[in-house]
Amino acid sequence: MSKIILITGATDGIGKATAMALAQAGHHVIIHGRNEEKAKRIVQEIVTKTNNTQVDYLIADLFSMAAIKRMVNEFNQRYAHLDVLINNAGAVFNNERAESADGIEKTMALNVIAPFLLNQLLLSSLTKSSDGRIINTSSASHRASGRPDMTDLNLKKTYSAQRRYSLAKLFVIWNTQHQAAELQQKGIKNVTVNASHPGAVATNFGQDSDKGLLVNLIYKIAIQLSKFEPFKLMASPEKGASTNVYLAVSSAVRGITGQYWGNSKALKPDTRYCSRANEQRLWDYCMTTVKPYL
């Protein structure tokens, strides 16, 4: 049965590979991007390669909560329901801290707040599906986050770009677990929430940001080595997309919720700093942040 699937950050890299695979499988795919001309080109490329004409696009700047709200309104006007939401968009930025127009540190804005708001705004559409699924993209880098300062969730005291990214991906797992439990408590059994880890993938991810000399060098060397078979440290975008594709459509994971996945298998995330109190504090912070747009 064909599913309606929305994928954020789907005009390049893993998001594009995910969209291509799901369109090839016959699903109705909606790609999200920031640039309309690029989104149009990618839609046409997917249609041409898959012979699936059910490929659409939506445009939004995910750093802006108002833009996210407008995109969801447009989605609701065009589609009767949503079967799968894949929160793929994410990035690591410069060591120099920067905030979005909403006053949110940019790593948190894109990797944590944007998917949180989308999950809240699209939940009513997902509940109309008999098998609604939310997939939040995390990363194995969450294991390198260190202890979070729960009094500084806007990361004003975190000076490393890589650590901000690791913390954000840890928070994605916590929010996934919290929302999964909350939906179960509310009796919403037809919507599941899981987090995925795509692995180290050979894309342009992180190549343009200034994370410090050493980290910049590691990113660039890994990308270059991935071009040579004996030294391949990074998977292809198609391999990186495989877990999201699996979580989106596999009957084997129907009803499974609140888990962290990699290589299409449930994995144990780092739980050193996870507690009910920390998870709730993060959830409350995110909810307070997005409340004006709900």
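The count of salt bridges comes to eleven, a salt bridge being a side-chain nitrogen of Lys or Arg within 4 Å of a carboxyl oxygen of Asp or Glu. Side chains of opposite charge can pair when their charged atoms come close.

The model is predicted, so local features need pLDDT of at least 70 and side-chain atom pairs count only at pLDDT 80 or more, while totals for chains, interfaces and linings use all residues. Residues are numbered from 1 along each chain as its sequence is written, and side-chain values use heavy atoms, with hydrogens and water left out.

Select D12 and K38 to begin. Their side chains form a salt bridge of 3.7 Å, N to O. D12 lies in the loop between β1 (4-7) and α1 (13-24), and K38 in helix α2 (residues 36-50), so that distant parts of the chain, 26 residues apart, are linked (helices, H or I of at least four residues, and strands, E of at least two, are DSSP runs numbered from the N terminus). D12 is partly exposed at 42% relative accessibility, as is K38 at 27% (buried is under 20% relative accessible area, exposed over 50%, partly exposed in between, with a 1.4 Å probe and protein chains only).

Next, select E45 and K16. The closest N and O atoms of this salt bridge are 3.1 Å apart. Because E45 belongs to helix α2 and K16 to helix α1, the pair ties together parts 29 residues apart in sequence. E45 is partly exposed, at 24% relative accessibility.

Then move to K186 and E182, whose side chains meet in a salt bridge (3.7 Å, N to O). K186 counts as exposed, with 58% relative accessibility.

Finally, select K3, D131 and R133, which a network of salt bridges links.
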